[in-house]
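Here's a quick briefing to read alongside the structure. Have a look at the fold first, then work through the notes below.

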Amino acid sequence: MSRQQPTVGVVSLGCPKATVDSERILTQLRSEGYHLTNSYEDADTVIVNTCGFIDSAVQESLDTIGEALEENGKVIVTGCLGAREEEILKVHPKVLAVSGPAAYEEVVSAVHKVIAPPAHNPFIDLVPPQGIKLTPKHYAYLKISEGCNHRCTFCIIPSMRGDLVSRPVSDVLAEAKRLKEAGVKELLVVSQDTAAYGVDMKYKMEFAEGRPTKTSMVGLCEALGEMGGVDEFWVRLHYVYPYPNVEEVIPLMAEGKILPYLDMPLQHANPRILKAMKRPGNVEKTLERIKKWREQVPNLTIRSTFIVGFPGETEEEFQDLLDFLEEAQLDRVGCFQYSPVEGAVANDLAEQVPDEIKQDRWERFMETQQRISADKMQAKVGQIMQVLIDEIDEEGAIARSMADAPEIDGLVFIEDGFHLQPGQFVKVEIVAADEYDLWARPVGEFAEEQTTSYIELG
């Protein structure tokens with residue numbers, strides 16, 4: 001590759017928050033005139049943005065670094081695993097630089113040392129107003145804060161990303177406006193702790209996008225909800241810690257301002273285990289709140305994640321978790337076997353649950369939830385709903401409903417939907433379902449090929 005067009009490759013692992021970090025790094029590099037590529041062969045250097053949350057993620061990150069070294073040789077490592085530099089260098093001593101999460105300046109500086117940026121030409125080195133995105137043109141992640149004030153005993157993220165630091169609400173809303181103007185139809189609000197947004201700023205009031213706005217989850221959601229409502233612009237909340245202030249966003253969902261979707265990791269349902277995790281432990285209160293929310297928003301989708309095999313977990317305590325699933329009837333659920341990641345306080349709280357028991361409990365958990373999910377999905381057959389088209393393949397259109405976040409939830413398959421366009425909102429009738437996905441046909445004005453010309457988004 002000629003030094004007249006220095007080229008950087010990137011491999012982004014881990015959660016959506018890491019994706020946003022990668023996007024910021026790439027935006028800065030592109031603004032400096034670097035060419036970006038997804039090929040090892042074409043790159044002058046490769047950035048690997050790592051994950052270090054659980055052991056399997058650590059191993060994937062180390063394997064990816066090794067692959068990049070073998071294929072390219074000039075590798076810069078960043079991200080959560082980068083906070084454990086010695087662990088990376090022990091396995092891969094030939095990496096050029098290592099930095100932790102959100103270390104944008106360090107990564108860009110490391111790239112400069114490998115290959116200097118070209119002379120800047122503002123007429124050809126253009127960056128779109130919304131920045132460089134790794135997602136499709138019609139949806140984007142909106143990260144509102146860094147770090148977390150909680151000290152859950154199974155989690156080492158605060159030791160990597162630090163305490164909560166909220167972005168100014170004016171900056172967040174300005175980014176949201178740029179994204180919408182660029183054709184984005186869905187914003188996925190992410191952070192380590194979305195419900196705590198603004199607590200470090202004492203919920204400061206700012207003048208943002210022409211209106212006074214409180215730096216809080218509710219204030220932000222109110223402002224985002226004014227950008228169009230769910231008929232034309234989806235706002236989806238992720239990583240919402242179960243604080244009481246969650247009650248305040250439920251009316252916005254009932255009014256159609258933001259999506260009726262809550263991603264709320266609950267982690268367990270036994271009071272002793274929750275206390276050992278340093279998580280909220282009033283399970284009955286949680287069930288009461290869920291019931292109340294559904295009374296206000298009947299189409300509310302609740303996604304959660306749980307951990308089985310936490311140190312010291314007994315069979316009776318695991319059964320409490322299964323009983324909770326039966327009563328809560330959650331819509332979307334993920335489950336992890338406890339991973340004794342280095343540095344987690346929980347590792348020393350009690351004896352580790354044997355791997356074979358973890359696996360057995362995980363299978364029983366998933367069997368229970370799959371049955372619940374299958375019943376819920378079958379109940380949607382015959383319904384008319386709005387979906388967002390993600391892509392067109394050889395069989396038709398692939399979409400998502402309001403209940404489906406990209407890459408983690410289900411899909412809606414529209415056979416023969418070749419006349420539809422990615423980024424288009426469509427009304428469909430659900431004709432079939434399995435445990436996770438739906439099949440549908442367009443209805444009304446979307447049933448036949450349109451004569452309207454759709455402008456490419458982005």
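**Quick tour**

The UniProt record, an unreviewed entry, puts the feature "domain: Radical SAM core" at residues 134-375; such positions use the numbering here, names are shortened, and annotations may be inferred rather than shown by experiment. This is a predicted model, where local features need pLDDT of at least 70, side-chain atom pairs count only at pLDDT 80 or more, and totals for chains, interfaces and linings use all residues. Residues are numbered from 1 along each chain as its sequence is written, and side-chain values use heavy atoms, with hydrogens and water left out.

**The annotated stretch**
- Residues 134-375 are 36% helix and 18% strand, going by DSSP runs numbered from the N terminus (helices are H or I, at least four residues; strands are E, at least two).
- The end C-alpha atoms of that stretch sit 35 Å apart.

**Helix α1**
- Helix α1 covers residues 16-31, and its 16 residues should span 22 Å at 1.5 Å a residue (1.5 Å times one less than the number of residues).
- Buried residues in α1 include V20, I25, L26 and L29; buried means under 20% relative accessible area, exposed over 50%, and partly exposed in between (1.4 Å probe, protein chains only).
- After α1 comes G33, with a positive phi near 100°.

**Cysteines**
- The disulfide count is zero, taking a disulfide as a pair of cysteine sulfur atoms within 2.5 Å.
- C152 is in no disulfide, and its nearest cysteine sulfur, on C155, is 6.2 Å away.
- C152 is buried, at 10% relative accessible area.
- C221 is in no disulfide either, with the nearest cysteine sulfur, that of C148, 18 Å away.
- C221 is buried too, at 1% relative accessibility.
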